[in-house]
Amino acid sequence: MSNVMSLARRLKAAQPQIAHAPTELKNRLLLRIADCLCASMEEILEANQTDISSAAQNGIPNVMLDRLSLSEERIHNMADGVRKVARLADPVGEVLSGYTLVNGLKIRKERVPLGIVGMIYESRPNVTVDAAVLCLKASNAVLLRGGKEAIYTNITLTRIMQHALEEEGMNPDILLLVEDTSRQSATEMMKLNGYLDVLIPRGGQGLIRSVVENATVPVIETGAGNCHIYIDAEADLEMGVNIVYNAKTSRPSVCNACESLLVHKDVAEQFLPLVKERLDTKNVIILGCEETRRILGESVAPATESDYAAEFLGYVISVKVVNDLDEAIRHINQYSTHHSEAIVTNNLTNSQKFTEQVDSAAVYVNASTRFTDGDEFGFGAEIGISTQKLHARGPMGLEALTSTKYVILGNGQIR
């Protein structure tokens with residue numbers, strides 16, 4: 001028996017305990033996890049430094065090292081996120097609807113846990129904690145499999161959380177980590193039919209594509225983010241510069257960072273030099289269309305079709321001057337990964353058309369795409385950002401980790 005299968009069997013045996021745990025116990029458990037994370041600060045940072053040193057030796061880019069790195073502040077923020085989830089309403093058992101048929105049957109629809117959730121993700125150790133506590137609060141057992149770059153950090157975080165489980169009298173097998181980071185372990189997770197109720201990949205396009213194409217268990221596709229900002233002819237240009245700068249440079253390695261900028265031809269001559277001046281402070285590489293290059297000069301490299309479809313995850317942005325709003329919408333719907341898009345405009349009609357016709361999980365008017373985040377949306381944390389349309393779309397919090405059940409009460413009815 002493989003190690004992955006052994007873990008899956010342990011999860012399946014332990015899952016009923018968390019499935020029927022009362023809200024008070026789950027909240028107490030999460031608060032204990034938050035306290036244990038803060039109390040284990042030195043241990044976590046030591047493990048994280050081991051991962052960072054190894055990743056740096058392997059030539060991982062700085063923007064990816066930022067995803068991997070933890071600090072005292074980030075660990076405190078992680079713990080605060082756990083406490084926020086503890087304060088959220090428990091979705092399990094919520095009655096969504098109820099009605100009585102003419103034959104007297106009383107039918108109610110209520111939320112229930114998904115069961116056992118699998119997570120395959122890459123180098124962000126905060127996902128280990130976010131995924132675990134969201135699954136536990138929604139009464140799910142969880143099987144985690146992070147990337148090799150964060151293995152020592154993930155092992156440490158998981159053991160800390162398992163210790164908190166034991167302190168609250170819970171079976172630690174409801175939260176398990178696959179410590180084998182080989183491709184084989186990921187492939188085995190994709191085939192855990194009868195054990196995993198859903199598999200959620202979180203990471204780059206390659207990882208997500210591999211899971212979607214190869215998994216035989218149900219998958220929720222989370223988002224690579226080729227996010228766009230469109231500067232309309234009636235935009236506040238100073239606002240536009242601030243939004244683009246924030247969305248591109250505040251944390252370029254994350255999926256809600258802006259990767260592509262579209263500018264209406266009527267404001268391009270004025271806007272593009274302004275935004276380039278700001279982006280130059282972070283040495284952002286601009287790849288532009290012919291009109292962009294005419295306005296900004298030869299320092300802008302020509303953009304290719306693949307550039308317009310790219311998730312750069314770094315200090316690179318593609319730029320295109322468009323004739324009108326319709327062209328902007330067509331471009332976004334063609335090249336987008338359907339994650340997050342924004343329009344900057346003072347025209348109400350244009351903003352409404354943009355939000356109606358852009359086919360993405362989150363569509364913004366006069367705000368940065370960087371807000372597409374479970375914590376920012378009030379979910380406490382997120383297990384991922386779904387870019388598909390079935391079951392869940394956008395930042396996924398507690399409700400996305402539940403399904404529904406119909407409960408029918410009768411008094412002898414037969415058909």
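**Aromatic pairs and ring contacts**

Student: How many aromatic pairs does the count come to?

Tutor: The count comes to two aromatic pairs. The model is a predicted one.

Student: What is the geometry of the pair formed by Tyr 308 and Tyr 335?

Tutor: Tyr 308 and Tyr 335 form a tilted pair, with 5.9 Å centre to centre and 50° between the planes.

Student: Where in the chain do Tyr 308 and Tyr 335 lie?

Tutor: Tyr 308 belongs to helix α13 (residues 305-308) and Tyr 335 to helix α14 (residues 325-335). The two are 27 residues apart, and the pair links distant parts of the chain.

Student: Is Tyr 308 buried or exposed?

Tutor: Tyr 308 counts as buried, because its relative accessibility is 5% and the cut-off for buried is under 20%. Tyr 335 is buried too, at a relative accessible area of 12%.

Student: And which kind of pair do Phe 377 and Phe 379 form?

Tutor: Phe 377 and Phe 379 form an edge-to-face pair, with 6.2 Å between the centres and 75° between the planes.

Student: What is the relative accessibility of Phe 377?

Tutor: Phe 377 has a relative accessibility of 38% and therefore counts as partly exposed. Phe 379 is also partly exposed, with a relative accessible area of 27%.

Student: Changing topic to charges: which ring does the charged end of Lys 12 sit over?

Tutor: The charged end of Lys 12 sits over the ring of Tyr 195, 5.9 Å from the ring's centre.

Student: And where does Arg 278 lie?

Tutor: Arg 278 lies over the face of Tyr 245, at 5.2 Å from the ring centre.

Note on methods: Residues numbered from 1 in each chain as written. Predicted model: local features only at pLDDT ≥ 70, side-chain atom pairs only at ≥ 80, totals over all residues. Heavy atoms only, no water. Phe/Tyr/Trp six-rings, centres within 6.5 Å; stacked < 30°, edge-to-face > 60°. Helix = DSSP H or I, 4+ residues; strand = E, 2+ residues; numbered from the N terminus. Buried < 20%, exposed > 50% of the residue type's maximum accessible area, 1.4 Å probe, protein only. Lys NZ or Arg CZ within 6 Å of the ring centre and 35° of its normal.
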